[in-house]
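This report is meant for a reader meeting the structure for the first time.

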Amino acid sequence: MACLITMAGGVSPYHMIVAAKTGLVGSVGVLATSYLPDSYRTTKSNMVFTFGTTFVGDIVVVPTHYGPVWMEAFLTGLLAAFFTLMFHHIKNFINKVYQLH
């Protein structure tokens, strides 16, 4: 999702394939870093690892469309980290409302 939002040029089949590849590389990074002790224990660490793996995935898969080489990957990683924070708060809200643990 973050990749599609920050990608220049709108949504097309090509862009969807690039976003899927970026997500796949980022997911492999998340899987690899999940074996580190306490890597996703806190919301902050979850955001940092999500940002990092998405950033690397975007750098590997797609050339930049904004200024410096790292800019699009940075924006994509930042948006993915924001989504992580947003979903964390939504999950906590739902757990609080329904008294889930």
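This is a predicted model: local features need pLDDT of at least 70, side-chain atom pairs count only at pLDDT 80 or more; totals for chains, interfaces and linings use all residues.

After α4 comes Q99, a residue with a positive phi, near 55°.

Helix α4 also contains H88, which counts as partly exposed because its relative accessibility is 24%, a value that falls between the 20% limit for buried residues and the 50% limit for exposed ones. Although H88 and N46 are 42 residues apart along the chain, their C-alpha atoms are separated by 9.6 Å.

## The chain as a whole

The protein chain has four helices and zero strands, and its elements, read from the N terminus, follow the order α-α-α-α. Of the 101 residues in the protein chain, 28% are buried. When contacts between residues at least 6 apart in sequence are considered, 49% of them join residues at least 24 apart.

## The surface

The protein chain exposes about 6,700 Å², and 74% of this area is supplied by carbon and sulfur atoms. On the surface there is a nonpolar patch formed by V56, I59, V60, V69, W70, F74, L75 and L78, which together have about 710 Å² of accessible area. Helices α3 (43–61) and α4 each contribute at least two residues to the nonpolar patch.

One of the residues in the patch is W70, whose place is in the loop between α3 and α4. W70 counts as partly exposed because its relative accessibility is 42%.

## Aromatic rings

How many aromatic pairs does the count come to? The count comes to five aromatic pairs. One of them joins F82 and F83, whose ring centres are 6.3 Å apart and whose planes meet at 45°, so the pair is tilted. F83 and F87 also form a tilted aromatic pair, with 6.4 Å from centre to centre and 45° between the planes. F83 and F87 both belong to helix α4, where they are four residues apart, about one turn of the helix.

The table sets out how the residues of these two pairs are classed by relative accessibility.

| Residue | Relative accessibility | Class |
|---|---|---|
| F82 | 45% | partly exposed |
| F83 | 16% | buried |
| F87 | 52% | exposed |

The limits explain these classes: a residue is buried under 20% and exposed over 50%, and partly exposed in between. F83, at 16%, is therefore buried, whereas F87, at 52%, is exposed, and F82, at 45%, is partly exposed.

Elsewhere, ring pairs link F51, F55, W70 and F74 into a cluster. Among the members of this cluster, W70 and F74 are also part of the nonpolar patch on the surface, and W70 in particular lies in the loop between α3 and α4.

Methods: Residues are numbered from 1 along each chain as its sequence is written. Side-chain values use heavy atoms; hydrogens and water are left out. Buried means under 20% relative accessible area, exposed over 50%, partly exposed in between (1.4 Å probe, protein chains only). Contact means heavy atoms within 4.5 Å. Accessible areas come from the Shrake-Rupley method with a 1.4 Å probe; for residues, only the protein chains shown count as cover. Patches are made of residues with over 30% relative accessible area and no salt bridge: like charges are joined within 9 Å, nonpolar side chains (Val, Leu, Ile, Met, Phe, Trp, Tyr) within 5 Å. A salt bridge is a side-chain nitrogen of Lys or Arg within 4 Å of a carboxyl oxygen of Asp or Glu. Rings of Phe, Tyr and Trp (its six-membered ring) pair if their centres lie within 6.5 Å; planes under 30 degrees apart count as stacked, over 60 as edge-to-face and the rest as tilted.
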